[in-house]
Amino acid sequence: KEPDFDLPDNHKFVSIAPVQEGGAKKWTRYIADYVRQISEDLILFSLDDFFPTCPIDFDMFNDIQQMMDNDKKIGRFCLSYDASNNCAHSKVLERQGYNVVSINKGAMYRISAQPALWRKDYLLKFLDHDWSPWNFEVDGSCISAGFQEEVYATFDPTFEKVPTRWV
């Protein structure tokens, strides 16, 4: 339902269903139906319980977007330090001022609802189920090993060189 408070001017409320049926087990289904309507190929996706704590580093973000535009095998790019901190990974390359790692196939939480830039068709592979948020992350991480798309993240042990920070 529409919130009973004012949203900032740069926010908009979108209802993805008139009623929620199926509880948390249908969480992905509602989002998948909405995502299919989006015309963009790349989508910034995150749960609504993560809040940005500083401005986006647009130089880094734009570089990441350009990497995804140039390499269609990148399905997801984590925009926080979550994936590089919590998943097994290997160093891929040095970018101007930051490092990028590939998250290993089979790593738990390779797929998560942490803030990330997703290729829409890749995101739909995980949303097009009747899954809870937990299934999305746990089952999604398991099945992602069978897909050819890669999952990348920035890597900096100091947690300074990341495009976004969230709590």
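This is a predicted model: local features need pLDDT of at least 70, side-chain atom pairs count only at pLDDT 80 or more; totals for chains, interfaces and linings use all residues.

Colleague: Then take S102: is S102 buried or exposed?

Modeller: S102 counts as buried because its relative accessibility is 11%, which is under the 20% limit.

Colleague: Where is the place of S102, and what is S102 in contact with, leaving aside neighbours within four places in sequence?

Modeller: S102 sits in strand β4. Leaving aside neighbours within four places in sequence, S102 is in contact with A88, H89, S90, V92, E150, V151 and Y152.

Colleague: How many bridges join β4 to β6?

Modeller: There are 4 bridges between β4 and β6, and the two strands run antiparallel. V101, for instance, stands opposite A153 in β6.

Colleague: And the sheet as a whole: in what order do the strands come?

Modeller: The open sheet is formed by 6 strands in the order β1-β5-β2-β6-β4-β3, with mixed pairing. At the edges are β1 and β3 (89-95), each of which pairs on one side only. From one strand to the next, the twist averages 25°.

Colleague: Changing topic, which residues have the most contacts inside the largest nonpolar core?

Modeller: Those are V35, F45, I103, W118 and F136, in a core of 26 residues. Two or more residues each come from α1 (27-35), β1 (42-45), β4 (98-103), β5 (116-119), α4 (120-127) and β6 (150-155). The element that gives the most is α4, with 5 residues. Another core, of 13 residues, lies apart from this one and includes L42, M60, I64 and L117.

Colleague: What does F136 touch, not counting residues up to four places away in sequence?

Modeller: On that basis, F136 touches W27, T28, F45, I111, S112, A113, W118, L123, F126, L127, W131 and S141.

Colleague: Back to α4. At what angle do the axes of α4 and α5 cross?

Modeller: The axes of α4 and helix α5 (residues 133-144) cross at roughly 115° and come within 9 Å. The crossing of α4 past α5 is right-handed.

Colleague: Which residues in α4 and α5 meet there?

Modeller: From α4 they are Y122, L123, K125, F126 and L127, and these meet F136, G140, I143 and S144 in α5. By class, this contact has 6 nonpolar, 2 polar and 1 charged residues.

Key: Residues are numbered from 1 along each chain as its sequence is written. Side-chain values use heavy atoms; hydrogens and water are left out. A nonpolar core is a set of buried Ala, Val, Leu, Ile, Met, Phe, Trp, Tyr and Cys residues joined through side-chain atoms within 4.5 Å. Buried means under 20% relative accessible area, exposed over 50%, partly exposed in between (1.4 Å probe, protein chains only). Contact means heavy atoms within 4.5 Å. Two strands pair if DSSP finds at least two bridges between them. Axes are lines fitted to C-alpha atoms, for helices over the stretch in contact, and angles run from 0 to 180 degrees between N-to-C directions. A crossing is left-handed if the near helix is turned anticlockwise from the far one by less than a right angle, and right-handed if clockwise. Ala, Val, Leu, Ile, Met, Phe, Trp, Tyr, Cys and Pro count as nonpolar, Asp, Glu, Lys and Arg as charged, and the others, Gly among them, as polar.
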